[in-house]
Amino acid sequence: MTDGPLIRVENLKKYFPFKESLFSRKVKYLKAVDGVSFSIKKGETLALVGETGSGKTTTGRTIMRLYEPTGGKIYFEGKKITKLPKKKFQKIRMQMQMIYQDPYSSLNPRMSILNIIAEPLRQLKVENIEDRVLELLESVGLSKEHMYKYPDEISGGQQQRVAIARALAVNPKFLVLDEPTSALDVSVQAQILNLLENLQKDKNFTYLFISHDLSVVRYISHRVAIMYLGKVMEIGTVEQIFENPQHPYTRILLESVPIPDPKDRRRKKLVLPGEIPSPLNPPSGCPFHTRCPFAKDICSEKEPDYVEVENGHLVKCHFVEVMK
Amino acid sequence: MNVLLSIEDLHLKFRTFWGTAYVLDGVNLKIYEDEVFGLVGETGCGKSVTSMSILRLLPSNAELSGKIIFEGQNLLELPEKELRKIRGKKISIVFQDPMSSLNPLFKIKTQMGDIIKLHHNIDKDEALKKAEKLLRAVNLPDPHRVLESYPHQLSGGMRQRIMIAMALSFEPSLLIADEPTTALDVTIQKQILDLILELKKKYHFSVLLITHDLGVVAETCDRVGVMYAGNIVEVADVDELFENPLHPYTQGLLSAIPDPRYKKPLKPLRGNVPSLLEPPPGCRFHPRCDFAMKICSKKKPKLVEYSENHTVACHIYRRGNEK
């Protein structure tokens, strides 16, 4: 199993039950993640991209089993972890870590940076904790002077570095990065992106990078999955998605990204009408048909299957061939 | 082109528990009629507070000095009663978070109707008719339903459209948009930015667009001012700024942003934004600047004209301009 993917997700589902009113008996389900499949090789970055409510964060959390999946299978290094009992899973979870969007709220304000990073080390009964913390701080570009500070005494970028150092303390193999730079300014964002990239080169980390920012995704990822209403609409390498997007949603999403070049302004662009439908009441058939400029009758009746347009480039649309 | 608003040597201090924060340090800028002026900068650079100063919507611990000239009047010297005739009418503002700008307890029709009724001196029915017309102008489908809704029943994009409709109800000559799309998804952001440009074309007002996103600037603005730690460090036409950035900070920002079209190496700026309680002396950017000279830590550079429509505040360019 050395050459297999580090993480493989098959038909992953996460439904949240809800009631339409306080007293109704009927329980409905919000299908936050509805049949997502992908795999990530060792040392690779897969980006999960989508708008608010597309289910990208839920996917990340379900893989970590922070939410128990409703259906589907998750494999870590070829081993199925979906139904693993808690005790056994804990050993595997240690190799999977998560970094959140807001670094400030993910650090305990009453603990010094030293204690924040030392906490997992104490659990593991590591010796010479201070030396190890310093080593971790240096690996994320911080120094000894930060060790005795508290989270509110350092900047947002530095807080995110501490969160990364803490995640690295347990020697993980797989990191779920949930919008790790969206709370940061652009100049600091570049620092963190470069740090993540260098760490990956050094230690061969595998990343699941969750983001809504396509410019960042273009920079950091090797492969990209575009999500819409709990489903992956298109998946492929970063070049396939950005240079040869096939799904109408991907194409319009890419056109909506503001480009830091005023000369680009004069180009006529597709604009996506309307807004993402409520996942409480998703459209029938293809979930995108309500906003799709190319929609035909079949789109509202039948959910499209994946079509492989190039090697490893899958598209969930009835009209992939036609659109070419 | 005529100057619509001109800010001259604006200084702003906040007295706080920790000491005095020197938030604006001599801001100079001009906004012309019928243009979109972008003000960009990172968190804490003073871009929002500049717009709040224009409307004098500042907390009581603020100390403001300088001049803000609008239609021949200095807004900073105007009595509150006179200012009210300008605030919200000739200059209106749209904020970042459309949810917190609307009162969650009242229907849209009450909130829009009240304001229109008050300022236009018309009765309720007429006010509602006008509200409906405004909602149509911002391309909201089914304005009737929108008027009968509470804010939480509407999406972020719709709420921002309502805010824009309210801002436009008195046909302002200046619309301040303070990060109007930061809380929205990219596809909705595109819709809202297109809407602002479309309305501007129709009603010929100027826009002061405050943003941290250089992509948004490139797509919407005519001229741009770059702010850093309470100073405007560079002002230029949008094409000129992206093609020929002069200030080391502008150059640094442009090389730190990823481009969605291709993968380019990112060069982050080193260090962090300085504390405004103890800003660095001289040029506030000098501790992070790769080209810093001796003079940079001693003397604050003035905003000087480098070429036509391109001004920059940096000692590097001073010599070439001493004619």
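**The sheet of chain B**

Guide: Strand β1 (residues 3-16) of chain B and β2(B) pair in the antiparallel sense, over 11 bridges. The model is a predicted one.

Visitor: What makes β1(B) and β2(B) a pair?

Guide: Two strands pair if DSSP finds at least two bridges between them. β1(B) and β2(B) have 11 bridges, so they count as a pair. As one example, B:Ile7 has B:Leu29 of β2(B) as its bridge partner.

Visitor: In which order do the 4 strands of the open sheet run?

Guide: The order is β2-β1-β4-β5 in chain B, with antiparallel pairing.

Visitor: Why are β2 and β5 of chain B said to stand at the edges?

Guide: β2 (19-32) and β5 (73-74) each have a single partner strand, so one side of each is left without a neighbour in the sheet.

Visitor: Which helix lies across β1, β2 and β4 of chain B?

Guide: Helix α1 (residues 47-55) of chain B does. α1(B) runs at about 75 degrees to β2(B).

**Two helices in chain B**

Visitor: Why are α4(B) and α5(B) called roughly perpendicular?

Guide: Take the angle. The axes of α4 (residues 108-120) and α5 (residues 124-137) of chain B cross at roughly 110 degrees. Angles of 65 to 115 degrees count as roughly perpendicular. The label therefore applies to α4(B) and α5(B). Their axes come within 9 Å, and the crossing is right-handed.

Visitor: Which residues make that contact?

Guide: α4(B) contributes B:Lys109, B:Met112, B:Gly113, B:Ile116 and B:Lys117. From α5(B) come B:Lys124, B:Ala127, B:Leu128, B:Lys130 and B:Ala131.

Visitor: How does the contact of α4(B) with α5(B) divide by class?

Guide: There are 5 nonpolar, 1 polar and 4 charged residues. B:Gly113 belongs to this contact, and Gly counts as polar.

**Between the chains**

Visitor: How many residues of chain B are in contact with chain A?

Guide: 35 residues of chain B touch 30 residues of chain A. α8(B) gives the most to the chain B side, with 6 residues. That side divides into 15 nonpolar, 9 polar and 11 charged residues.

Visitor: What makes α6(A) and α11(B) oblique to each other?

Guide: The axes of α6 (residues 186-203) of chain A and α11(B) cross at roughly 45 degrees. Roughly parallel needs an angle under 35 degrees, and roughly perpendicular starts at 65. α6(A) and α11(B) are therefore oblique. The crossing is left-handed.

Visitor: Which residues meet there?

Guide: A:Val186, A:Ser187 and A:Ala190 of α6(A) meet B:Gly252, B:Leu253 and B:Ala256 of α11(B). By class, this contact has 4 nonpolar, 2 polar and no charged residues.

**Domains of chain B**

Visitor: How do you know which residues form domain 1 and domain 2 of chain B?

Guide: The bounds come from the domain assignment: domain 1 is 3-90 + 170-321, and domain 2 is 98-169. The centres of the two domains, taken over C-alpha atoms, are 30 Å apart.

Visitor: How many residues does each domain of chain B give to the contact?

Guide: Domain 1 gives 15 residues and domain 2 gives 11. On the domain 1 side, α8(B) gives the most, with 7 residues. The domain 1 side has 12 nonpolar, 1 polar and 2 charged residues.

Definitions and conventions
Residues are numbered from 1 along each chain as its sequence is written. Chains are lettered from A and ligands numbered from 1 in the order in which they are written. This is a predicted model: local features need pLDDT of at least 70, side-chain atom pairs count only at pLDDT 80 or more; totals for chains, interfaces and linings use all residues. Axes are lines fitted to C-alpha atoms, for helices over the stretch in contact, and angles run from 0 to 180 degrees between N-to-C directions. Angles under 35 degrees count as roughly parallel, over 145 as roughly antiparallel, 65 to 115 as roughly perpendicular and the rest as oblique. A crossing is left-handed if the near helix is turned anticlockwise from the far one by less than a right angle, and right-handed if clockwise. Two residues are in contact if their C-beta atoms, placed from the backbone, lie within 7 Å. Domain bounds come from an automatic or database domain assignment.
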